[in-house]
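Trainee: I would like a close look at one part of this model. Please take me through the contact between two chains.

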Amino acid sequence: IGFQRKPNIWKVIFETEFIITVEPLEYYRRFLKENCRPDGRELGEFRTTTVNIGSISTADGSALVKLGNTTVICGIKAEFAAPPTDAPDKGYVVPNVDLPPLCSSRFRSGPPGEEAQVASQFIADVIENSQIIQKEDLCISPGKLAWVLYCDLICLDYDGNILDACTFALLAALKNVQLPEVTISEETALAEVNLKKKSFLNIRTHPVATSFAVFDDTLLIVDPTGEEEHLATGTLTVVMDEEGKLCCLHKPGGSGLTGAKLQDCMSRAVTRHKEVKKLMDEVVKSMKPK
Amino acid sequence: MPGDHRRIRGPEESQPPQLYAADEEEAPAARDPTRLRPVYARAGLLSQAKGSAYLEAGGTKVLCAVSGPRQAEGGERGGGPAGAGGEAPAALRGRLLCDFRRAPFAGRRRRAPPGGGEERELALALQEALEPAVRLGRYPRAQLEVSALLLEDGGSALAAALTAAALALADAGVEMYDLVVGCGLSRAPGPAPTWLLDPTRLEEERAAAGLTVALMPVLNQVAGLLGSGEGGPTESWAEAVRLGLEGCQRLYPVLQQCLVRAARRRDAAAPL
């Protein structure tokens, strides 16, 4: 469809709408040829990221992260439990990602679907591999009492790149968690909780996830929207921590990638980590006088 | 939980630290029984839903989304006389499917995800209250899905969910006779106490009876009523309903403003 000398604006609009519905991939390819995307971003550019912490007062720690339209809220509740029998000096961190029908019409109500289970397992892997919290820090009395941190992540609006948003929300919420002081009294051997004295968790590393979508087996774009994820031939998520160490790599099938492309992804992940860390520090600083 | 292999396994059981805390929670402060907490309402904030609304009243935060109309599952063949105003006959009318979810971190104690009976009861209450307001005859053989998510429970959760759901339906452009406004009430235990409008979580926890009323303000018709507990004599319940309906009327202008703002925002975003 070429432009005539005097372009008829209505004809152009009609044809654009037609192509978006009938051949969305072709529509995307035109933008990708010019090294940009329909929403005006470059191939390596993230959507506007905003984070808001501590808004849910019933939770021990909470954070709301918006990545463009994608919105994820994380609420953390801390409870007591007996430590696991095979690791009596460790506590638990139990993540759960929920994709309710309200975030997108593709999800039905009921038990967690495949995508939610994959996301939950991904978050569990990130927590385990990056050692964001030492589980030993959560132990109060070895073999008898330990903390359980239930991290519930709920997606409120699904527009692609759920894993990045979940990781960031989890990190921000964990930084916000305050646990009350617990002592085991010697006479009764029961726990005594002092709700007035609270302390923050010791966050050892700050893992940040960066997701990519592969188009036509060759082109890599960062932070895919819902539409882009649907049209992509593969996805990849890289999780880095601040020392440039790789915590987790998630590539569920899809088109293959060369070693060189993987290296590009990892260097982009390192720059993204700096961006996110700066945002996190600003937020934490603004919360300080409490 | 032992059998649930779809979620990450945690400990078999756990207790909240509040059980072991030394000091007691303070009793709720005395207040004007007819005071309504200031409400923040915003419609049209989710990109993936047809219509959405967020409502915050005191500590209660509710998000609601509407999707559809979609083809109803289990379609029935039906005939019979058509309704007034070009509506479909009764057997072919559209359906409203409501879903109420409580976030695990919404209450004082964590509630594990499969909600159970209470969520189903509240979802049914939502459906019963919203049905009179929606012109389901205009959506034959279709279903509209309304999902409400309670992010934080600060008292009167069902009332807030009702209001948010009605706003979301209006934001989605669903044909309605009127908005539905919800209001919660509670009555403290003891001899002859008063009914409190819009209770906080503390007041609700100590209440002997609770009531939620849903009103269609312009038509001045009650769309839904759900109450339980020891409320005393019948006149006391009647008094509570009257108080609740007044509360709903007072809330209505805020919701109108919210919808007007949302419509303006949508206009500004779509220049063509």
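How many residue pairs are in polar contact between chain B and chain A?

Mentor: Some ground rules come first. This is a predicted model, where local features need pLDDT of at least 70, side-chain atom pairs count only at pLDDT 80 or more, and totals for chains, interfaces and linings use all residues. Residues are numbered from 1 along each chain as its sequence is written, chains are lettered from A and ligands numbered from 1 in the order in which they are written, and side-chain values use heavy atoms, with hydrogens and water left out.

Now the count. Between chain B and chain A, 13 residue pairs are in polar contact, both residues at pLDDT 80 or more. A polar contact is a pair of N or O atoms within 3.5 Å; within protein, one must be able to donate a hydrogen and the other to accept it, and residues adjacent in sequence count only if both atoms are side-chain atoms.

Which elements of chain B take part? Strands β3 (60-71), β4 (95-102) and β5 (142-152) of chain B each supply at least two residues of the side that touches chain A. Strands here are DSSP runs (E, at least two residues), numbered from the N terminus. β5(B) gives the most, with 6 residues. By type, that side of chain B divides into 21 nonpolar, 8 polar and 16 charged residues. Ala, Val, Leu, Ile, Met, Phe, Trp, Tyr, Cys and Pro count as nonpolar, Asp, Glu, Lys and Arg as charged, and the others, Gly among them, as polar.

The contact (heavy atoms within 4.5 Å) takes 45 residues from chain B and 50 residues from chain A. Together the two chains bury about 3,900 Å², 59% of it on carbon and sulfur atoms. Buried area is the accessible area (1.4 Å probe) that two parts lose on being put together, summed over both. B:Ile8, B:Phe105 and B:Arg110 supply 19% of the area that chain B buries against chain A, more than any other three residues.

Finally, return to β3 of chain B. B:Pro69 lies in that strand. A cis peptide bond joins B:Gly68 and B:Pro69, with omega about -10°.

Methods:
Helix = DSSP H or I, 4+ residues; strand = E, 2+ residues; numbered from the N terminus.
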